[in-house]
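Visitor: Hello! I am new to protein structures and would like to learn how to read one. Could you walk me through it?

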Amino acid sequence: MATQNSSLLFGSVLLVLFFLCSLEETFGTAQYHNVQLSSLLPSSTCSPSTKGPNKKTSLKVVHKHGPCSQTKQEEPNAPTHIDILLQDQSRVNSIHSRLSSTGGGGDVKKLDSTTLPAKSGSSIGSGNYIVVVGLGTPRNDLSLVFDTGSDLTWTQCEPCARSCYKQKEPILDPSKSTTYSNITCTNSLCSQLSSATGNTPKCAATTSTCIYGIQYGDSSFSIGYFAKETLTLPPNGVVPNYLFGCGQDNQGLFGGAAGLLGLGRNAISFVQQTALKYNKIFSYCLPATASSTGYLSFGGGASNSVKYTSFSDISQGSSFYGIEIVGITVGGNKLSIPSSVFSSSGSIIDSGTVITRLPSGAYGPLRTAFRQAMSKYPAVSGLSILDTCYDLSGYKSFEIPKISFLFGGGVSVDLASSGIVYVVSAKQVCLGFAANQDAGDVTIFGNVQQKTLEIVYDVGGGRVGFGSAGCH
C-alpha cells in the first residue's frame, strides 16, 4: 500500500512539474523572441525575399548600403554605423524643426549662384531605401530613394549646369526624351513648390522656367528645373505628365541613387499625382537586413492580416503621416506611461528615419524593462544615440523580450526581432530606440521598427494598416 501511495505521490509531483513547465512556456518564453544571431547580421551577398504582394505594380525595395543595391558600387567609402546614426539625427532634427516651425519657407538661389538654397528647416534628410522607376521616352531606369516624409520627386539631369554627384545609371538627359517639358514660372503648379520643398521657387531669366530648390537635414541638396515627364513603374504602369525636379546642381549623401521618390501628402507627391490610378493607396515592406529585399506597391489588395488605425492630425508639416500611439508593451506587460506622454506632442510614421524616437517619459520605462529582461547578457558601451547595448558574440542564439506598439482604435502591432534591436556587430547589439532631446518633440516611428511589417497607407481612407511577416 505504501509503495502504491508513493507511486501516486511521485506521479502527482511529475504532473505539477509538467504543468509549471507548461505555464513557463506559455507565459514566460512565449513573451520572448528566440533569435538566431546570424539572422540579424547582414551577409555580403544578396538573398532576395521570397515573400511579396500579389500586385501588378510592385517595386523591389533594397537598402542603399546593402549588397542587393546596385548603387553600392558607387560608394567608394560606405558610411559607418556612427555616420548613419549621425545622419539620422540630422534628419530627426529637421523633422522636429519643421513640425515646430511657424515661419515661412526659405529662398532658392539662382542656378548660376555659388550659394546653396536657404536652409529653412522645412526639408529633411534623405532616406535609405531604394526602388527603380523609369523616366522619359524612351524609358530610363533610375534608382530613387523613396521617402514618406518628402513630396517632390527629383533626379539628376544633364547637362548638370553646376554639379552632379556620381550615380549608378546614366544621368537623365531630357533633350533625348520626346515627352519632357518644363513648367513655366507663370504656371500655378510652380507655386506649389513652396509648401512641398520649404523654399520659394525662382524663375529662370532667359527661359521663364520654374526653378526648384530643396535641401535636406544632412546638407544634401538639389536645384533645378521643375518639369513634367512620363514616369513608368515596372512592369507596365505608366504615369504621363508626372511633375518632378530635373536637377542641375546636386550634392549630397544619396549613396549612388539618382534622386528621390516623394511619397508625402503634398499635392505634388507621387501619391497625390496618381490618385486616380492607384486610389491614394500604397504599401511597403522593409527587409530584416540590408542583404535582403522588400517591396513597394501601389493600389489596393492588402493581406487579410492587416489591422488599420486612423491617421492623426499633425498641425504643421502636411507632408507627414500622423499616427496615434497610445502605449507600449514589453514581454507582454504594458508599460506604465501616462497617455499625455504621447498625445502632448503627437506622433508620425516615417520611412526615412532609422531609429524610433520616443518621449523621455516613454523611452525610460521601455529601456528599464528591456534591460531587466536582458540582464543575463553582458552589457557593453553604447553607440551614438543608442545607450543600451550587449555583447552577444558568445551566443549562437539569444532571447529578447517581445515589444508591441498600441495604436488608436485598439490596434496592437508586434515588432519583429529585427525591429527591436539595431545590430552594429555581434559584439554590439543595441536596443533600437532613442529618446527625444526636447519634451515637445514629436514621436517618430522609424524604419528599424517597421522591418518585415506589411505597412499599408490608405491615404484616401485616412488610415494606415500593419500586417506581420510581409517580407523576410
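Predicted model: local features only at pLDDT ≥ 70, side-chain atom pairs only at ≥ 80, totals over all residues.

Visitor: Let us begin with the whole chain. How many helices and strands does the chain have?

Guide: The chain has 10 helices and 32 strands. It is made of 472 residues, and 54% of them count as buried.

Visitor: What does the accessible surface of the chain come to?

Guide: About 19,400 Å², with carbon and sulfur atoms making up 52% of it.

Visitor: Which share of the contacts joins residues 24 or more positions apart?

Guide: Counting contacts with a separation of 6 or more, 73% are between residues 24 or more positions apart.

Visitor: Now to disulfides. What is a disulfide?

Guide: In general, it is a covalent bond between the sulfur atoms of two cysteines. To find one in a model, we look for cysteine sulfur atoms within 2.5 Å of each other. By this rule, the count here is 7 disulfides.

Visitor: How far apart are the sulfur atoms of C157 and C246?

Guide: They are 2.0 Å apart, and the two residues form a disulfide. C157 sits in the loop between β6 (154-156) and β7 (181-182), while C246 belongs to strand β12 (residues 237-251), so this pair ties together parts that are 89 residues apart in sequence.

Visitor: Why is the disulfide of C157 and C246 called left-handed?

Guide: Because the torsion about its S-S bond is about -115°.

Visitor: And are these two cysteines buried or exposed?

Guide: A residue is called buried when its relative accessible area is under 20%. C157 has a relative accessible area of 0%, so it is buried. C246 is also at 0% and counts as buried.

Visitor: Which residue does a disulfide join to C285?

Guide: That partner is C471, with an S to S distance of 2.0 Å. C285 lies in strand β14 (residues 281-285) and C471 in the segment after β32 (463-467), so their link ties together parts that are 186 residues apart in sequence. The S-S torsion is -85°, and the link of C285 and C471 is left-handed. Both C285 and C471 are buried.

Visitor: May we look at one more? Is the disulfide of C389 and C430 left-handed or right-handed?

Guide: Right-handed, because the torsion about the S-S bond of C389 and C430 is about 100°. C389 is in strand β23 (residues 389-390) and C430 in strand β28 (residues 428-431), so the pair ties together parts that are 41 residues apart in sequence. The sulfur atoms of C389 and C430 are 2.0 Å apart, and both residues are buried.

Visitor: Let us turn to annotations. Where does UniProt place the feature "active site"?

Guide: The unreviewed UniProt entry places it at D147 and D350. These positions are spread over 204 residues of sequence, yet they cluster in space, with a largest C-alpha distance of 7.7 Å.

Visitor: What can we say about D147?

Guide: D147 is part of strand β5 (residues 140-147). Its relative accessible area is 0%, so D147 is buried. The side chain of D147 makes a polar contact of 2.8 Å with the side chain of S150.

Visitor: And where is D350?

Guide: D350 is found in the loop between β20 (347-349) and β21 (356-358). With a relative accessible area of 0%, D350 is buried. Beyond its neighbours within four places in sequence, D350 is in contact with several residues, among them D147, R91 and N447.

Methods:
Residues numbered from 1 in each chain as written. Heavy atoms only, no water. Helix = DSSP H or I, 4+ residues; strand = E, 2+ residues; numbered from the N terminus. Buried < 20%, exposed > 50% of the residue type's maximum accessible area, 1.4 Å probe, protein only. Contact = heavy atoms within 4.5 Å. Areas by Shrake-Rupley, 256 points an atom, 1.4 Å probe, with all protein chains shown as cover. UniProt positions renumbered as here; feature names shortened; annotations may be inferred. Polar contact = N/O pair within 3.5 Å; in protein donor to acceptor, adjacent residues only side chain to side chain.
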